[in-house]
Structure formats: structure tokens, C-alpha cells
Amino acid sequence: GFNLLVKIIQHLFGFDGKQYIIIFAVVAFATIYFFMKGMDELSDDFAISFAMFMLLGYYASSFNSIRSYLAFSVAFYSVKYIFKREFWKFAVLVLLASTFHISILIILVAYPLGLIKWKPWSIAVMSAISASFLALPNVYRRLVFLVYPQYENTIYDTGEISYTNIARC
């Protein structure tokens with residue numbers, strides 16, 4: 001998806017060596033559009049959502065990984081279709097986003113989870129499952145590498161845990 005987008009932009013604007021600025025601008029606009037549209041349609045308080053987006057570093061991080069953030073912004077926007085119970089619109093947007101970054105496919109699990117009528121005791125169950133990620137990191141690491149074997153033994157395979165990111169989530 002990203003390579004196709006780049007080829008389209010190069011075709012429209014030429015191959016003069018400066019199209020990277022236009023590519024960044026197009027991707028940045030699309031990313032910001034989907035994040036803002038998603039926040040506007042999904043949030044009860046747009047100002048707080050926008051402040052969290054800006055202050056927690058998500059916007060600044062998007063400059064370093066434009067493909068994944070574009071995919072994430074489209075997936076974030078698609079969540080509205082979970083609440084409208086329009087699975088096919090949700091799935092098509094997520095599949096389109098996955099052409100930019102395959103890891104976004106994990107959000108397909110969100111659709112059935114969004115339809116569950118959660119009970120108060122489910123908070124304890126979800127907390128226990130979340131805690132198991134810290135208690136059993138090697139088990140989950142093996143599961144991740146079943147899906148993404150190309151990342152094993154690379155610079156992304158450090159085995160480090162970011163407690164800051166866990167707390168932010």
C-alpha cells in the first residue's frame with residue numbers, strides 16, 4: 001500500500017528527488033485527518049482526547065514511523081463502525097490500513113470484543129490477562145514470533161519491557 005502510494009505521488013509530481021517532501025505531506029495529512037476525524041466522532045470530549053494525543057507523545061512519534069501511524073490512524077477511525085455494527089466497513093478499512101503496516105490486523109480482534117456485553121467481574125479477568133503479559137513474557141514472545149517470524153533476533157527483539165508504556169496504556 002505504501003509503495004503504491006509513493007508510486008502514485010511520484011507519477012503525479014515527478015521524480016526530481018524532492019518528492020519525499022510531498023510524500024511526507026500527503027501521509028501526514030491523511031494521518032492527521034483520520035486521527036482528528038476519529039477523535040471527533042468517537043470522543044465525548046474532543047479537547048481532552050486531542051490533549052492526550054499531543055501530550056502523551058503519539059503525535060510526535062508519528063514522525064518516526066509514518067507508515068505504521070497512517071495505518072493506525074485509519075484503524076482508529078474505523079472503530080466507529082464497531083459501534084454502528086457495520087463489520088464490513090470496519091474490516092475493509094482495517095485491511096486497507098494493513099497494506100501500509102501488517103501489524104494493524106490485530107485490531108480485527110476489537111470487533112468481536114466491542115460486541116461483548118462486559119460484566120463487572122470482567123475487569124478482574126482482563127487485569128489478570130494483562131498481568132500475565134508481565135509474568136510470562138517469553139510465552140507471549142514465542143506467540144508473537146509465530147505470527148512475525150521475520151522480527152526474531154533483530155534489533156526489535158530486545159526482550160525489554162517498557163513499564164512507562166504499560167502505565168500509559
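At what angle do α5 and α7 pack, and how far apart are their axes? I looked that up first: the angle is about 175°, with the axes 8 Å apart. (Axes are lines fitted to C-alpha atoms, for helices over the stretch in contact, and angles run from 0 to 180 degrees between N-to-C directions.) Angles over 145 count as roughly antiparallel, so α5 and α7 are roughly antiparallel to each other.

Note on the source: this is a predicted model, where local features need pLDDT of at least 70 and side-chain atom pairs count only at pLDDT 80 or more, while totals for chains, interfaces and linings use all residues. Residues are numbered from 1 along each chain, and side-chain values use heavy atoms, without hydrogens and water.

Next I checked who touches whom, with contact meaning heavy atoms within 4.5 Å. From α5, Ala71, Val74, Ala75, Tyr77 and Ser78 meet Phe90, Leu93, Val94 and Ala97 of α7. I get 8 nonpolar residues, 1 polar and no charged there.

Beyond its neighbours within four places in sequence, Ile107 contacts Ala75, Val79, Phe90 and Val94.

Last, confidence: pLDDT runs from 0 to 100. The chain averages 80, and 91% of the residues score at least 70.

Technical notes
Helix = DSSP H or I, 4+ residues; strand = E, 2+ residues; numbered from the N terminus. Parallel < 35°, antiparallel > 145°, perpendicular 65-115°, else oblique. Nonpolar A, V, L, I, M, F, W, Y, C, P; charged D, E, K, R; others polar. pLDDT = per-residue confidence, 0-100.
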